[in-house]
Amino acid sequence: MSSRLVVIAIPFVVIAIFWLMARYEASRRHDPTHKGYFERNGMVLGIAFIALVALWALFLVVLPYLYMVVESFHPTLRPVERGGPKDVLTIAQYQSFFMAPTGDGWNTTHMGAFLFSIIASIAVTALNFAICYPLAFYMAQSGTPQKVRLILLALIVPYWVNEILRAFSLRLLLASKGLINQLLMGSGLTDAPVDFLGINVGLYVGLSYAYLLVMIFPLYNAIESLDKNQIEAARDLGAPWWRIHKDIVIPYAKPGIASGCTMVFMLAAGSLAAPQFLGGPRTLWFTSVIYNFFFQAFNWARGAAYAFLLLAACILFVMLMLRLFKVSLGETIK
Amino acid sequence: MTSSLVMRGMIGFYIFLFFAYLFGPLVVMGITAFNSPSYPQAFPFESFTLDWFVKLWNDRAMMEGLTNSIIIGLGVVAVSVPAGLAASIIMNQIYHRARGLFYLVTVSPLLTPGVIIGISTVIFWKDVLGVSDVTKALFYNGITLAILGQSSFVSAYCLLIFMARLTRFDRAQEEAALDLGASYPQVFWHILLPFLKPAIVSAVVIGFLSSFENYNTTTFAILADKTLVTVLAGQVRQGTTPALSALAVIIIGISLLGAIVYEVLKRREQSRAEQAQRRAKLAERTEVGAAQPATSTA
């Protein structure tokens, strides 16, 4: 249990360090007009604010994350064995991601699922950018206000239907008895139904469909503030349309692009519904692997380790995007 | 001339395709809700029926899930809106060197996959609530854990909504109130809170909806209980029935109604704001007019 308790102490130590630094600086440059926190907010409100933020930031965000990471460095144990002599720190859970259970060779199943999820998520992100960019540009630069308002409304309404039902609606279309196969066979293009779900078309379409809105809004917001005169000027100077996009619109909309791409990637890599309901029978999405560790193998430590790997991949991707587009985190999350 | 016409035609066609992609699956699903075969099919349309809606109404698991979803949604709003509000106020007052870290910590749930939030919530709270039999019996259940897990990211939504509104807050209002002898808590209750009211309303609505629709976090945090979405997921996994289409039709109907009401309210608010502005301008003009003769005589 001790390693778990140490982790709980970390955030409190960090807070204490910042508090001491603040006290030290305040005493150094003594400022009579400066008001203390409780002076500014009053005792009751001040305590309420701190309590609420502490509940959230510490008990709902930081501590659960840290605790999950610590759990992932523990062996798989039955509940009675927790805290006993067998409860030691180990990297066995991470080893099992790379090594096959028999001890020789690589664990290709899990590494394959991991790589497949990451690559497919990147593909879906690129696809969504390609689909959404023209509409975002039209809405931001050439649509009339009434039209844009109507489009915005039309974009939002389908997103009130939850993820599961949207995946279900795509399954009705793409199933072997679905409408698209009925059309294909009716028109004589194919004799036998095409197995769209089996070859993962359903998965890609489902992921793209689920996160269209997540891409289009950041793009729209970013392009909207671009001065129309810049495009006008480029056009007057004879720039072809693709140069206008490449040299003016896209550089300007960078924060929006970074934001949209990051969010779509993250949501796709961490999605559970689309792979479960639209993926082929042999397709293994990494979140499904984690899900199975929790609900079929009851191996929480292994599940935690794999969840942490997924988190690390997502953090890496976010940092890569920020570096690539040279934007800050604050600009990305809006 | 012709090239611009072609261009416009292409844009129109593109927008048509985009919305066909967006609405097509939903429309097909909507048709299956009224078609009689037990496998949801849109074509051929055999006969019109409302049986699937009746079946939906009689589905006990779904009704139980709906009740739980509403309870969890209300709980999440009750935790997240105050937490987001408090964090947005502290954001401006916190020790400047800690601000970056504080911001990173509070928005990090938005950059974390939902499954990870769910897993970490369950692992952490199982041990915390497991310290005594009383807390375990009282709080270690799906509804509590779902509220805790969802609140971590819904609070972040609320924080961003409040921060966006606060950037438009005029500090002069606060100073004026303080000069007139108000205490800081009075400024909070009588000036800041009314100013934030629209943000509070949207935080409540967005918080409730994102809680209601959440699947990734909830499916882990809900343990042995169920919400509407996890019940749905179970049914989709087992097979397909037009009753699911019927549910989607109801949800789309409600959301369309909501969208229309929202649009009407927004228009009305806008026209009211314009009127108020006009009246204020008028009042200003008459005031200036009244003040001028006074100064000229003096």
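Lys126(B) is partly exposed, because 16 other C-beta atoms lie within 10 Å. The cut-offs: 20 or more other C-beta atoms within 10 Å of a residue's own means buried, 12 or fewer means exposed, in between means partly exposed, and C-beta atoms are placed from the backbone. Lys126(B) sits in helix α5 of chain B. Helices here are DSSP runs of H or I, at least four residues, strands are runs of E, at least two, and both are numbered from the N terminus. From Lys126(B) to Pro194(B) is 68 residues in sequence and 39 Å in space, C-alpha to C-alpha.

A word on the source. This is a predicted model: local features need pLDDT of at least 70, side-chain atom pairs count only at pLDDT 80 or more, and totals for chains, interfaces and linings use all residues. Residues are numbered from 1 along each chain as its sequence is written, while chains are lettered from A and ligands numbered from 1 in the order in which they are written.

Now chain B as a whole. How many helices and strands does chain B have? It has 12 helices and zero strands. Its radius of gyration is 26 Å, whereas a compact globule of 298 residues would come near 19 Å. That radius is taken over C-alpha atoms, and the globule rule is 2.2 Å times the number of residues to the power 0.38. The C-alpha box is roughly 90 × 75 × 40 Å along the principal axes. Of the 298 residues, 37% count as buried.

Next, contacts. Two residues are in contact if their C-beta atoms, placed from the backbone, lie within 7 Å. In chain B, take contacts between residues at least 6 apart in sequence: 76% of them join residues at least 24 apart.

Domains. The bounds come from an automatic or database domain assignment. Chain B gets domain 1 (1-49) and domain 2 (58-247). Their C-alpha centres lie 35 Å apart. Eight residues of domain 1 of chain B touch five of domain 2 of chain B. On the domain 1 side, that is four nonpolar, four polar and no charged residues. The classes: Ala, Val, Leu, Ile, Met, Phe, Trp, Tyr, Cys and Pro are nonpolar, Asp, Glu, Lys and Arg are charged, and the others, Gly among them, are polar. Chain A is split into domain 1 (2-72) and domain 2 (108-332). Those centres are 37 Å apart, over C-alpha atoms.

Axes are lines fitted to C-alpha atoms, for helices over the stretch in contact, and angles run from 0 to 180 degrees between N-to-C directions. Gly65(B) and Leu66(B) are among the α3(B) residues, and Val229(B) is one of those from α11(B).

Finally, between the chains. The contact takes 68 residues from chain A and 71 from chain B. Which helix gives the most to the chain A side? Helix α3 (residues 43-72) of chain A, with 17 residues. That side of chain A has 54 nonpolar, nine polar and five charged residues.

And back to α5(B). Helix α16 (residues 300-325) of chain A packs with helix α5 (residues 114-129) of chain B at about 140°, axes 10 Å apart. Trp300(A) and Leu310(A) are among the residues from α16(A), with Ile119(B) and Ile123(B) among those from α5(B). This contact has nine nonpolar, one polar and no charged residues.
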